[in-house]
Every structure is written in C-alpha cells, then in structure tokens.
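I opened this notebook to keep track of what I looked up, entry by entry.

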Amino acid sequence: SKQPLTPCHITRLSVTINCRRTVFFMKKLETAYLAGGCFWCTEAAFKLLRGVLEVVPGYAGGHVPHPTYEEVCTGTTGHREAVQVRFDPGVLPYADLLRYFFAVHDPTSEDRQGPDVGPQYSPAIFYHSEEQKRVAEAVMRELAPLYPKPIATKLLPFTTFYPAEAYHRDYFARHPEAPYCRLVIAPKLEKARKAFKSLLRP
C-alpha cells in the first residue's frame, strides 16, 4: 500500500576529482506541496521550470488514509488534488515558485478551477516550515492587489501526501491529444511559457 510522503530536503551527490578520488557532499533541496486544481495541469506546468527535479501528483490533506482517485472525486475525503515539487532553491527560489503557482491557477476561485468543480480542486499551499509559511504570506500580500477578488487559496500546515495512482503520472506528456489536454492543459502551458520565460528550462 502507498505510504504518505513527508518533506525531504537533502540529496547526496558525488563528483570525481582528478579522476582518482570521489568526494561526497550534501546539496540542500526543498519540497513544496501545492494544490491548484487538476493535478494533470499542475504536474505539467511545474515540469517546465528550471531547478525542479521531480513533480509527483497526489492527494494532500484529508482524513481518509490511502485514498483512491475515485474516493477523492466524491469530495468527501477532505483531500485536494495536489503536486509534490522537489526543487533546488539555489536555482529556483521558493518565492518565485509560488509566484508561478499563482499564475497557473485561479487563486480567487474556491472549490473550482476552470471546468473542474468540487472541494478536491480547492487551491492551497501546504507549508512544512515557518520559513515556507513566512515566504508564502509575503507572496500572497504582494500579489493580492493584482486580483479583483480576495485570494481564496488557503495557506495550510502540511500533514500528509499520498502519491496518486501510476496512470496519473505524466498524464499530459502521455496523452497530449486527449480533449482535456488539448483544450485545458495546453493553453495553460502556453500562457505560462510566455509569462515566465526566465524561469523555464532551456
């Protein structure tokens, strides 16, 4: 059975010096948990960014352990469709990651993102440190004047995250011609590419 994921900040890397000796060092990574509507969309959007090492779609929060997609879709488990984003803050600062997040979802809409309706699509930022909370609060204050309505995206403490079923992984990449991918995801990605060129992978 799937186990809930918790934040992981460190990865081990190695380099070979003068072709003789391998030196190990630790590189600090960060993990963000973000709910911005359908995770097919958010997974594809965050995979565009430089500094992002991995994006995992799944279910965040909630009160039912090991939920299935069908259970989450009932809107009764308390989970949100979300993504786990592992990134290098030296390349992509958390504040820039959040600014991008606000651009690829509608932060003024609660329980709905585009054609997707239900509490499982309610947007949220799940923080797992006081520093992440502080940065998120600052970014939300910065962006609030840009919107005609109050920001509905919640700022919540991280609890649990369950990876989604395997068939959800890389959904857009594997099904680019599917109607939802062509009509909803592709236009969103094109908009993101134009607005955030400096954050994109080369």
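The model is a predicted one, in which local features need pLDDT of at least 70 and side-chain atom pairs count only at pLDDT 80 or more, while totals for chains, interfaces and linings use all residues. Residues are numbered from 1 along each chain as its sequence is written, and side-chain values use heavy atoms, with hydrogens and water left out.

Entry on the whole chain. I listed six helices and ten strands. Of the 202 residues, 46% are buried, where buried means under 20% relative accessible area, exposed over 50% and partly exposed in between, with a 1.4 Å probe and protein chains only. Taking a contact as heavy atoms within 4.5 Å, I saw that residues 24 or more positions apart account for 72% of the contacts with a separation of 6 or more.

Entry on helix α3. This helix (residues 94-103) is mostly covered, with seven of its ten residues buried, among them L97, Y100 and F101. Its buried residues pack against β3 (30-35), α1, β5 (79-87), β8 (124-127), α4 (130-143) and α6.

Entry on the core. I used nonpolar core for a set of buried Ala, Val, Leu, Ile, Met, Phe, Trp, Tyr and Cys residues joined through side-chain atoms within 4.5 Å. The largest has 48 residues, of which F46, L97 and Y100 touch the most other members, and its largest share, seven residues, comes from α3. A second, separate core of nine residues includes V56, A82, F126 and F158.

Entry on aromatic rings. Rings of Phe, Tyr and Trp (its six-membered ring) pair if their centres lie within 6.5 Å, and planes under 30 degrees apart count as stacked, over 60 as edge-to-face and the rest as tilted. By this rule I counted eleven aromatic pairs.

Entry on the pocket. On a 1 Å grid over the protein atoms alone, a pocket is an open set of points where a 1.4 Å probe fits, with protein on both sides within 12 Å along at least five of seven lines, and lining residues have an atom within 4 Å of a point. The largest pocket holds about 270 Å³ of space, and of its 19 lining residues the closest to its centre are A103, V104, H105, D106 and K188. Helix α6 (residues 179-195) gives the most to this lining, with six residues.

Entry on backbone angles. Most residues other than glycine have a negative phi. I found D111, not a glycine, with a positive phi of about 65°, in the loop between α3 and β6 (112-113). D170 also has a positive phi, near 55°, and is partly exposed, with a relative accessible area of 30%.

How values were computed:
Points joined across faces, edges and corners; volume = space filled by probe spheres on them. Helix = DSSP H or I, 4+ residues; strand = E, 2+ residues; numbered from the N terminus.
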